[in-house]
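Hello,

Here is the structure I promised to pass on to you. Please have it open while you read my notes below.

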Amino acid sequence: MKHRIDQLAETHRLTREDCLALLRHRDEDTTAYLKEKAVAVRKQYFGNTVYVRGLIEFSNYCKNDCYYCGIRRSNAKAVRYRLTKEQILECCELGYGLGFRTFVLQGGEDGFFTDDKMVNIIHEIREGYPDCAITLSLGERERDSYQRFFDAGANRYLLRHETATPTHYASLHPKNLTLEKRKECLYALKEIGFQVGTGFMVGSPGQTLEHLAEDLMFIQQFQPQMVGLGPFIPHQDTKYAQESSGTVELTTFLLAMVRLLLPNVLLPSTTALGTIDPMGRERGIEAGANVVMPNLSPVSVRKNYALYDNKICTGDEAAECRMCLQHRMESIGYELVTQRGDFVPIT
């Protein structure tokens, strides 16, 4: 397997055959060698720096009914909330004082937040914090909406494809949601000029190694600027409540593969990783990730943005969470930095 890893590290290209071979032969030596190569590439492009993003989960209303998601429309047990524009701006003010230079506005597909309302919010953040990046994660919208957000001052957009296999996608979503539409949105975002992030769940119900290979093939073809990988974690109020979570081992293996595939990609070590393993975020960084996203949302609502069960960091104040993460990164030889951390193309 080492020759396949060496080839990937040198060419940043994968065939489906190589991809499946690596996934099927994940022994201890192969995993250690893959991560060693991934960390070397990560350090070549980013040194020991870890970018920090301030996550603002501003609404847990959603019109969609994705079968795996805790804030799905039909979950009557979800305690719904929306932040006001003033509350969102207060989160930005707090985060700016703590050194955050990227704000990530994430929410369900909530019709209350019309294009006009989002444009107004983006404008105010852009005017108040001209040196900061604004990332949106609002799900599927029309191309004209994306264009308006970009023109208002948003820089990045996160839209995970979740699985690149149409039949698998259909098994996780109701019929009105399709992989074709999701990809159409991703390509529109890229054409408009956003730095675009996509990604997938690891260990989702029904997932096979062939599905994961398809995910990596799509990422290779799409060439996103950001990739979000996190383990599937079941939610108690969904049909998948009794399913097993994805594993840290497979998630970090895939993080390392993505780092070698896209050497300069912005690659978060996710909250979901930290949820299934107390050292999960550190293990993600040690597999080639270079971004962490602590929560800036008001403590009073954090527990209600429950996409999955047992989410961590629902009680810490933002400042505590920021300092805790900083110490944790320092403990493994990395440094949290306050730079915006934009994607930089390879020249």
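How many bridges join strand 1 to strand 9? Three bridges join them, with strand 1 covering residues 49-52, and the two strands run parallel.

Before the rest, a word on what you are looking at. This is a predicted model, in which local features need pLDDT of at least 70 and side-chain atom pairs count only at pLDDT 80 or more, while totals for chains, interfaces and linings use all residues. Residues are numbered from 1 along each chain as its sequence is written, and side-chain values use heavy atoms, leaving out hydrogens and water.

Helices (H or I, at least four residues) and strands (E, at least two) are DSSP runs numbered from the N terminus, and two strands pair if DSSP finds at least two bridges between them.

Back to the sheet: Tyr51 has Val337 in strand 9 as its bridge partner. The open sheet has three strands in the order 8-1-9, paired in parallel. Strand 8 (291-292) and strand 9 (335-337) are at the edges with a single partner strand each, so one side of each has no neighbour in the sheet.

Next, strand 4. Strand 3 (residues 102-107) pairs with strand 4 in the parallel sense over five bridges, and Thr102 has Ala133 as its bridge partner in strand 4.

Leaving aside residues up to four places away in sequence, Ser137 touches Leu105, Gln106, Gly107 and Leu158 (contact means heavy atoms within 4.5 Å). A polar atom of the Ser137 side chain lies 3.4 Å from the backbone oxygen of Leu158. The C-alpha atoms of Ser137 and Glu57 are separated by 9.4 Å, although these residues are 80 apart along the chain.

Finally, a pair of helices. Helix 2 (residues 16-24) and helix 10 (residues 248-261) pack at about 145°, their axes 11 Å apart; axes are lines fitted to C-alpha atoms over the stretch in contact, and angles run from 0 to 180 degrees between N-to-C directions. The contact is made by Cys19, Leu22 and Leu23 of helix 2 with Leu250, Phe253, Leu254 and Met257 of helix 10.

Best wishes

How values were computed
Polar contact = N/O pair within 3.5 Å; in protein donor to acceptor, adjacent residues only side chain to side chain.
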